[in-house]
Amino acid sequence: MFGILSAIWAVSGIYGFVYEFIFYYFNGGMKDWYWRGGCFGPWIVIYGIGALLIFFLTYRLKKKPWAVFLVSGLSCGALEFLTGAAFYYLMDGKRNWDYNTEILNFGNINGFVCLRSVLIFAVSGVLLTYLIVPILFYLAKKINRKLFLAISISIGVLFLVDVLYNTVIAPHFPDLYTAVDLYSSLGFKFMKF
């Protein structure tokens with residue numbers, strides 16, 4: 001099961017990165033590419049956490065797609081709101097995202113969450129439950145068990161190390177080279193709130 005959880009974490013983090021990479025291209029007027037998430041790898045931590053939350057909360061609801069949709073949207077909307085508000089209040093007004101400055105931000109609550117994001121989380125939860133997780137279980141059965149575990153855990157750990165380096169370690173050592181440094185030098189933009 002740990003291999004499946006690690007794979008859900010990694011696949012969902014990558015899914016979130018792809019979604020935001022495309023969305024923010026359009027949000028920015030289709031003139032700049034934005035590197036989202038602040039990691040070296042193409043993944044965003046809150047999507048991985050949200051996917052694990054969805055997996056655990058909807059595991060017994062698989063026969064009720066509308067329940068999966070509602071629980072996914074509400075739980076991840078709450079996660080996003082609480083995470084955004086916590087960063088804002090604990091980091092003296094610093095934001096990791098701000099829906100006040102984005103397109104399609106209807107239902108916006110203090111810039112921390114909006115209806116568009118909640119609907120994306122709800123649809124993503126349905127995709128996770130009925131497509132991604134079954135594919136991962138299928139692969140886990142078809143591929144050599146040790147190989148599946150090695151691949152999924154390696155990618156999950158790489159994701160975790162990347163997040164910890166860029167969000168916990170690097171801020172305390174200003175001379176360390178970060179993902180923001182790398183992707184800024186390559187011409188990617190970062191959202192400034």
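A crossing of two helices is right-handed if the near helix is turned clockwise from the far one by less than a right angle, and left-handed if anticlockwise. I note this at the start for the helix pairs below. The model I am reading is a predicted one.

**Entry 1: H1 against H2**

I looked up the pair H1 and H2 and found that H1 passes H2 in a right-handed crossing. Their axes are 7 Å apart, and the packing angle is about 130°. Angles over 145 degrees would count as roughly antiparallel and 65 to 115 as roughly perpendicular, so H1 is oblique to H2.

I then listed the residues in the contact. H1 contributes Leu5, Ile8, Trp9, Ser12, Gly13, Gly16, Tyr19 and Glu20. From H2 come Val45, Tyr47, Gly48, Ile49, Ala51, Leu52, Phe55 and Phe56. Sorted by class, the contact of H1 with H2 holds eleven nonpolar residues, four polar and one charged.

**Entry 2: H1 against H5**

Next I took helix H1, residues 2-27, with helix H5, residues 145-169. I read an angle of about 50° and axes 8 Å apart. That makes H1 oblique to H5 as well. The crossing of H1 and H5 is left-handed.

On the H1 side I noted Phe2, Gly3, Ile4, Ser6, Ala7, Trp9, Ala10 and Gly13. They meet Phe148, Leu149, Ser152, Ile153, Ile155, Gly156, Phe159 and Leu160 of H5. By class, the contact of H1 with H5 has eleven nonpolar residues, five polar and no charged ones.

**Entry 3: nonpolar cores**

Which residues have the most contacts inside the largest nonpolar core? I found Ile8, Trp35 and Leu128, in a core of 25 residues. At least two residues of this core come from each of H1, H2 (45-58), H4 (115-142) and H6 (179-185). H1 gives the largest share, nine residues.

Ala51, Leu52 and Phe55 were already on my list for the H2 side of the contact with H1.

Another core, of six residues, lies apart from the largest one. Its members include Trp9, Cys39, Trp43 and Val163.

**Entry 4: Trp66**

Is Trp66 buried or exposed? I located Trp66 in helix H3, residues 65-90. Its relative accessible area is 64%, and the cut-off for exposed is over 50%, so Trp66 is exposed. I also checked Trp66 against Ala122, which is 56 residues away in sequence. Their C-alpha atoms are 9.5 Å apart.

I looked up two residues that have positive phi without being glycine, Asp92 and Asn110. For Asp92, phi is near 50°. Asp92 is in the loop between H3 and H4, and with a relative accessible area of 77% it is exposed.

For Asn110, phi is about 55°. Asn110 is also found in the loop between H3 and H4. I read 48% relative accessibility for Asn110. Exposed requires over 50% and buried under 20%, so Asn110 counts as partly exposed.

How values were computed:
Residues are numbered from 1 along each chain as its sequence is written. This is a predicted model: local features need pLDDT of at least 70, side-chain atom pairs count only at pLDDT 80 or more; totals for chains, interfaces and linings use all residues. Side-chain values use heavy atoms; hydrogens and water are left out. Axes are lines fitted to C-alpha atoms, for helices over the stretch in contact, and angles run from 0 to 180 degrees between N-to-C directions. Helices (H or I, at least four residues) and strands (E, at least two) are DSSP runs, numbered from the N terminus. Angles under 35 degrees count as roughly parallel, over 145 as roughly antiparallel, 65 to 115 as roughly perpendicular and the rest as oblique. Contact means heavy atoms within 4.5 Å. Ala, Val, Leu, Ile, Met, Phe, Trp, Tyr, Cys and Pro count as nonpolar, Asp, Glu, Lys and Arg as charged, and the others, Gly among them, as polar. A nonpolar core is a set of buried Ala, Val, Leu, Ile, Met, Phe, Trp, Tyr and Cys residues joined through side-chain atoms within 4.5 Å. Buried means under 20% relative accessible area, exposed over 50%, partly exposed in between (1.4 Å probe, protein chains only).
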